Amino acid sequence: MNLVAFVGKSGTGKSHRAVFVARRNNLHYIIDDGLFIRDNKILAGKSAKSEKTKVASVKRAIFLDPSYAKEVGDAIRRENPPGILIIGTSNSMVERIASVLDLGEISKYEYIEDFATPEEMQLAHDMRFHEGIVLLMIGGVDHKKIFVRFQPVNHQ
């Protein structure tokens, strides 16, 4: 399986740019914040962004719960994708996700800094941590970008 990692600090706009990065790498599947997604449709999982604490969010995003990892892993095996874009905040995080879900080795690393300016990353950070808004490219019936408002997690 072709595994591509998309790495960047939390709140820098990775989820917003995920579809572009996936298509650039000829991928139709994404793992992002605990979700398994195909062509903008959630196939399995629950967003880590919906968790109430930072600890719970991280546990969800890295599939720490074995039953949750099995649920998402089973969905991946049913789909049998030729490749997946795995999004995370560090190389070690995406490698851990690939390992926990038994997907194999990461073949390529892409970084948010190659897809967003410092100003765009700062805007994404401010929207997420000060206004509680995340721009996702999933979930809409017509597959348009949607804004999701959530209670920001205390990241201190």
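Q: What makes a stretch of residues a helix in this model, and which one holds Val 58?
A: A helix is a DSSP run of H or I with at least four residues. Val 58 lies in helix H2, which spans 54-61. Do keep in mind that this is a predicted model.

Q: Why is Val 58 called partly exposed?
A: Its relative accessible area is 42%. Buried would need under 20% and exposed over 50%, so a value in between is partly exposed. In space, Val 58 and Gly 34 are 9.0 Å apart from C-alpha to C-alpha, though they are 24 residues apart in sequence.

Q: Is Glu 51 buried or exposed, and how do you know?
A: Its relative accessibility is 15%, and the cut-off for buried is under 20%, so Glu 51 counts as buried. You will find this residue in the loop between strand E4 (41-45) and helix H2.

Q: What makes the pairing of the Glu 51 and Arg 60 side chains a polar contact?
A: The two side chains are joined at 3.0 Å, and the limit for such a pair of N or O atoms is 3.5 Å.

Q: What else does Arg 60 do, and how do you know that its charge sits over a ring?
A: The charged end of Arg 60 is 4.3 Å from the centre of the Tyr 68 ring and sits over that ring. The distance cut-off is 6 Å, and the charge must also be within 35 degrees of the ring normal.

Q: How many aromatic pairs are there, and what makes them stacked?
A: The count is two. Tyr 29 and Phe 36 have ring centres 5.6 Å apart and planes at 15°, while for Phe 63 and Tyr 68 the values are 5.5 Å and 15°. Centres within 6.5 Å make a pair, and planes under 30 degrees apart make it stacked. Tyr 29 and Phe 36 are both buried, and Phe 63 and Tyr 68 are buried too.

Q: What makes E3 and E4 paired strands?
A: Two strands pair if DSSP finds at least two bridges between them; strand E3 (residues 35-38) and E4 are joined by four and run antiparallel. Arg 38 has Lys 41 of E4 as its bridge partner. Two residues lie between the strands of this hairpin, where Asp 39 takes a positive phi near 45°.

Q: Why are E4 and E6 called edge strands?
A: The open sheet has six strands in the order E4-E3-E2-E5-E1-E6, with mixed pairing. E4 and strand E6 (108-111) are its edges, and each pairs on one side only. On average, neighbouring strands are turned by 25° against each other, direction ignored.

Q: Which helices pack on this sheet, and which strands do they touch?
A: Helix H1 (residues 14-24) touches E1, E2, E5 and E6, and its direction makes about 155° with that of E5. Helix H3 (residues 66-79) touches E2, E3, E4 and E5, with about 135° between its direction and that of E4.

Conventions. Residues numbered from 1 in each chain as written. Predicted model: local features only at pLDDT ≥ 70, side-chain atom pairs only at ≥ 80, totals over all residues. Heavy atoms only, no water. Buried < 20%, exposed > 50% of the residue type's maximum accessible area, 1.4 Å probe, protein only. Polar contact = N/O pair within 3.5 Å; in protein donor to acceptor, adjacent residues only side chain to side chain. Phe/Tyr/Trp six-rings, centres within 6.5 Å; stacked < 30°, edge-to-face > 60°. Axes fitted to C-alpha atoms, helices over the stretch in contact; angles between N-to-C directions. Contact = heavy atoms within 4.5 Å.
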